[in-house]
Amino acid sequence: MQKRLIDKVIIVRRAPGAPTRGILAAGPLAIRCALGRTGITTRKREGDGATPLASMRLLSAFRRKGRLAGLHPALPQHWTRPFDGWCDAPAHAAYNRPVRLPFPASAETLQRADRLYDFGVVTDFNMTRRKRAGGSAIFLHIARAGYAPTEGCVAVSPADMMRLRPWLRRGTRLIVRG
């Protein structure tokens with residue numbers, strides 16, 4: 001029973017002395033990761049640049065064609081298109097939901113010029129019972145070079161995302177601790 005619980009969690013802790021860097025543990029793996037530009041918070045707010053201290057279910061994945069071709073997680077997947085976006089406008093009814101671009105309110109594109117969203121995992125943070133301005137688009141995605149901070153997501157290298165594949169499935173929780 002204990003092994004089954006361990007197989008279903010990915011735990012992220014802040015790296016010692018580095019509030020924007022973390023250590024992600026999944027089974028026997030210990031992986032470097034990037035965290036939000038303002039570290040980890042218990043009071044996540046839209047635009048604060050913080051990674052939420054939370055336990056989040058993995059819901060689905062999105063990916064860009066031709067990128068990370070060998071990565072096939074056991075999650076529902078969506079191939080991104082140039083018009084795919086994610087609403088980050090707290091006052092809009094589609095807040096923290098996928099949208100079609102162009103969009104009348106603030107939204108980020110899921111087909112970025114950089115590699116960050118070549119592959120991403122959608123978590124359930126602020127999804128089921130959305131709190132306006134409670135934080136949106138908290139993903140597990142690809143890190144910038146040098147593990148530069150994120151806007152609140154958890155990010156790993158492309159090679160480490162491949163290593164995480166066995167944990168990228170329904171029922172897994174991404175747990176961010178302080």
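**Notes on the backbone and the annotated residues**

1. Please keep in mind throughout that this is a predicted model. The points below concern local features, which here need a pLDDT of at least 70.

2. Let me begin with the peptide bonds. Most peptide bonds are trans, and most residues other than glycine have a negative phi. The bond joining Leu101 and Pro102 is cis, with omega at about -5 degrees.

3. Next, a positive phi: Ala137 is not a glycine, yet its phi is near 55 degrees. You will find Ala137 in the loop between β11 (119-123) and β12 (139-142). Is Ala137 buried or exposed? Its relative accessible area is 5%, and because buried means under 20%, Ala137 counts as buried.

4. Tyr147 also deserves a look, with a positive phi near 55 degrees in a residue other than glycine. Its place is the loop between β12 and β13 (154-156). With a relative accessible area of 10%, Tyr147 is under the 20% cut-off and is therefore buried.

5. Which residues carry the "active site" feature? In UniProt, an unreviewed entry places it at His141 and Cys153. Both His141 and Cys153 are included in the lining of the largest pocket.

6. His141 belongs to strand β12. Its relative accessibility is 3%, so His141 falls under the 20% limit for buried residues. Leaving aside neighbours within four places in sequence, His141 has contacts that include Leu116, Tyr117, Phe119 and Gly120. Further along the chain, the contacts of His141 include Thr150, Cys153, Val154, Ala155, Val156 and Met161.

7. Cys153, in turn, is located in the loop between β12 and β13. At 6% relative accessibility, Cys153 is buried too, because the cut-off is 20%. Not counting residues up to four places away in sequence, Cys153 touches Ala34, Leu35, Gly36 and Thr51, among others. Its partners also include Ala137, Ile138, Phe139 and His141.

Note on methods
Residues numbered from 1 in each chain as written. Predicted model: local features only at pLDDT ≥ 70, side-chain atom pairs only at ≥ 80, totals over all residues. Heavy atoms only, no water. Helix = DSSP H or I, 4+ residues; strand = E, 2+ residues; numbered from the N terminus. Buried < 20%, exposed > 50% of the residue type's maximum accessible area, 1.4 Å probe, protein only. UniProt positions renumbered as here; feature names shortened; annotations may be inferred. 1 Å grid on protein atoms, 1.4 Å probe; cavity = no way out; pocket = protein on both sides within 12 Å on 5 of 7 lines; lining within 4 Å. Contact = heavy atoms within 4.5 Å.
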